[in-house]
Amino acid sequence: MSRMPIRTFLVLAKRHLQQNIHNRTGSASFVLGNESADLDSITCALVYGYIQSSRPEARRKNSLVIPVVNIPAADLPLRPELTALLRHADVKSEDLVTLDDLKPLPLPLDHTNWTLVDHNAMTGALAEHYSKSITGVIDHHNDEKAIPFSADPRIIQKCGSCSSLVTNYLRTTWEDLSSSSSTVGAANAQSSDGLTDDFAYTTGWDARVAKLALGSILIDTFNLTDESKVTEDDKNAVRYLEAKINASMRFGKDYDREKFFEEINAAKVDLESLCVEDVLRKDYKQWKEGNLTLGISSVIKPVEWLQQKAGNEKFSQVLEDFAKDRGLDLFAVMTAYTAESGKFARQMILSATSDNEKATGVVNDFSMEAGAELQLGESEVRSQDDSNLGVKIWIQGNVAASRKQVGPMLREAMR
C-alpha cells in the first residue's frame with residue numbers, strides 16, 4: 001500500500017472498521033479523542049491515525065490506526081470551526097469515523113487496542129468495554145493515573161494544545177515519511193487522489209494534515225498570544241507544521257498565519273444559528289464519581305447571552321432539562337469570553353439537579369474549598385425565573401483555570 005491523502009485514508013479506515021465489525025475477526029487499532037470532541041481532540045486523533053498508518057511497516061501489513069471522533073455523527077454540525085478546518089485538508093464531516101460507526105459494540109477485546117489523545121482516562125460507553133485495551137496515551141490534562149506506566153507512548157504533560165504534543169511525538173516518523181517520497185512521479189502526471197509516493201503530491205498531503213494540527217494549536221493558544229497557556233512545545237510544533245505547509249508549492253505560497261487563525265476562530269465564535277441546548281452540547285464532558293454524575297459544558301459566550309438566547313424559555317428550565325436528559329446530579333457551565341472592557345473573562349454556573357442531598361453538599365463544599373483558588377465572586381446575573389432548581393452563578397476571577405483545572409476540583413468534591 002502506497003501513501004495516500006488523508007481523505008482516502010479515512011475512506012479505507014471506515015471500510016476496515018466495517019469489515020471487522022461484520023466479520024468479528026481480525027484486529028483493529030484505534031486512536032480516540034475525548035468526549036467533548038473539541039477541535040483539538042478531533043485533530044489529534046486524525047493526525048495521529050494518519051501518520052501512524054502511513055509508516056512503511058504499517059503500509060506493508062495493510063495495518064491502519066483508525067481515528068475515532070468520540071461523539072455521534074449528529075453532533076458534528078455543532079462544530080462549525082471543525083467544518084472550516086476540514087476544508088483545508090479536503091475532508092468532509094461525513095468522512096470521519098464517529099461513535100455511530102462503532103455499533104454494534106463490543107468488538108472482541110483481544111482484537112483491539114486503543115491510544116487516547118487529549119484525555120488520559122477512557123469514559124462513557126466505550127470505557128465499559130475497552131478501558132483495559134488501552135496501550136498508549138498523549139494528553140495535556142492532569143494525570144488521572146488510569147493508564148499503566150507500561151503504555152507506549154505515555155506522554156502526559158502540560159501544554160497549550162494536545163496537538164502540539166502529538167505533532168512533536170510524530171515528528172521523527174513524519175520526517176521519515178517525507179524523506180522517502182520519490183520525485184519521479186511528477187513527470188507521469190499522476191492524480192493527487194491516487195496512491196503514489198510522488199514528492200510533488202506528498203508535500204501537499206503533508207501540508208493539509210499540518211493545517212489540521214496547526215489550526216487546533218492556534219485556537220487553543222489564541223494564535224500563540226495566551227501566555228498562560230503557550231509552552232515551548234507549542235512553539236516548536238507551530239514552527240514544524242508551518243515548515244510543512246511552506247514546503248508545498250501549492251499551499252505555502254498563500255499561507256498567512258493571521259488569516260488562517262482568524263478564519264477558524266470566526267467560525268468557532270459564530271453560535272447564532274444554534275439553540276441554547278446545542279450550545280451546551282457543543283463542548284460537553286461527563287464523569288461519574290461514586291453514585292454521582294457530573295456534566296460540564298464549556299461556552300464561549302457570557303451567561304447573559306445564554307439567557308437572552310433562551311428567549312421565551314426559562315433559562316433555568318433549559319439547564320434542568322439538559323441535565324435530566326443526561327441523568328446528571330451536578331451540572332456546571334463554564335463561560336469564557338471577551339468582556340466589554342476588552343479583557344478575557346470567565347463565569348461559572350453550578351447546580352445540583354436532583355434531590356440528592358450529597359449533590360447539594362458538593363455544591364457547598366466546592367464553593368468553600370475551591371472558591372479562593374478560583375476567585376469565585378458573586379455575580380450580578382441571576383436566574384430569570386422562580387424554578388426550584390438551585391443555580392449558583394459566579395464570576396471566576398482566576399481566568400487561567402479552564403475545565404482542565406475545574407473538572408478535577410469538582411470531582412474531588414464529589415469524592
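Begin by selecting Pro153, which is found in the loop between β5 and β6; helices (H or I, at least four residues) and strands (E, at least two) are DSSP runs, numbered from the N terminus. The model is a predicted one, in which local features need pLDDT of at least 70 and side-chain atom pairs count only at pLDDT 80 or more, while totals for chains, interfaces and linings use all residues. Residues are numbered from 1 along each chain as its sequence is written, and side-chain values use heavy atoms, with hydrogens and water left out.

At 57% relative accessibility Lys145 counts as exposed; buried means under 20% relative accessible area, exposed over 50%, and partly exposed in between (1.4 Å probe, protein chains only). Another positive phi, near 55°, belongs to Asn62, which is found in the loop between α3 (56-60) and β2. Most residues other than glycine have a negative phi, and most peptide bonds are trans.

**The sheet**

Next, show the strands as a cartoon: six of them form an open sheet in the order β3-β2-β1-β4-β5-β6, with parallel pairing, where two strands pair if DSSP finds at least two bridges between them. β3 (97-98) and β6 (154-156) stand at the edges, each with a single partner strand, so one side of each is left without a neighbour in the sheet. Strands of a sheet pair through backbone hydrogen bonds, either parallel or antiparallel.

Now select β4 (residues 112-117), which four bridges join to the parallel strand β5 (residues 134-139), and find Val117, which stands opposite Ile138 in β5. On its other pairing, β4 runs parallel to β1 over five bridges, and here Ser29 stands opposite Asn113 in β4. Contact means heavy atoms within 4.5 Å.

**The cores and Trp114**

Turn to the side chains of Ile6, Phe30, Leu96, Trp114 and Met122, which touch the most other members among the 76 residues in the largest nonpolar core. A nonpolar core is a set of buried Ala, Val, Leu, Ile, Met, Phe, Trp, Tyr and Cys residues joined through side-chain atoms within 4.5 Å. Leaving aside neighbours within four places in sequence, the contacts of Trp114 include Phe30, Leu102, Met122 and Tyr130. A second, separate core of 24 residues includes Trp394, Val406, Leu410 and Ala413. In soluble globular proteins, nonpolar side chains tend to be buried together.

**Aromatic pairs**

A search of the whole structure finds 10 aromatic pairs; rings of Phe, Tyr and Trp (its six-membered ring) pair if their centres lie within 6.5 Å, and planes under 30 degrees apart count as stacked, over 60 as edge-to-face and the rest as tilted. Select Phe30 and Trp114, whose ring centres are 4.3 Å apart with planes at 20°, so the pair is stacked. This pair links distant parts of the chain, with Phe30 in strand β1 and Trp114 in strand β4, 84 residues apart. Phe30 is buried, with a relative accessible area of 0%, and Trp114 also counts as buried at 0% relative accessibility.

Move on to Tyr284 and Phe322, whose ring centres are 5.4 Å apart with planes at 80°, so the pair is edge-to-face. Tyr284 lies in strand β7 (residues 284-289) and Phe322 in helix α13 (residues 315-325), so the pair ties together parts that are 38 residues apart in sequence. Tyr284 is buried, with a relative accessible area of 11%, and Phe322 is buried, at 2%.

**Charges over rings**

Keep Tyr284 in view and select Arg326, whose charged end sits over the ring of Tyr284, 5.7 Å from its centre. A charge sits over a ring if NZ of Lys or CZ of Arg is within 6 Å of the ring centre and within 35 degrees of the ring normal. The charged end of Lys211 sits over the ring of Phe260, 5.4 Å from its centre.
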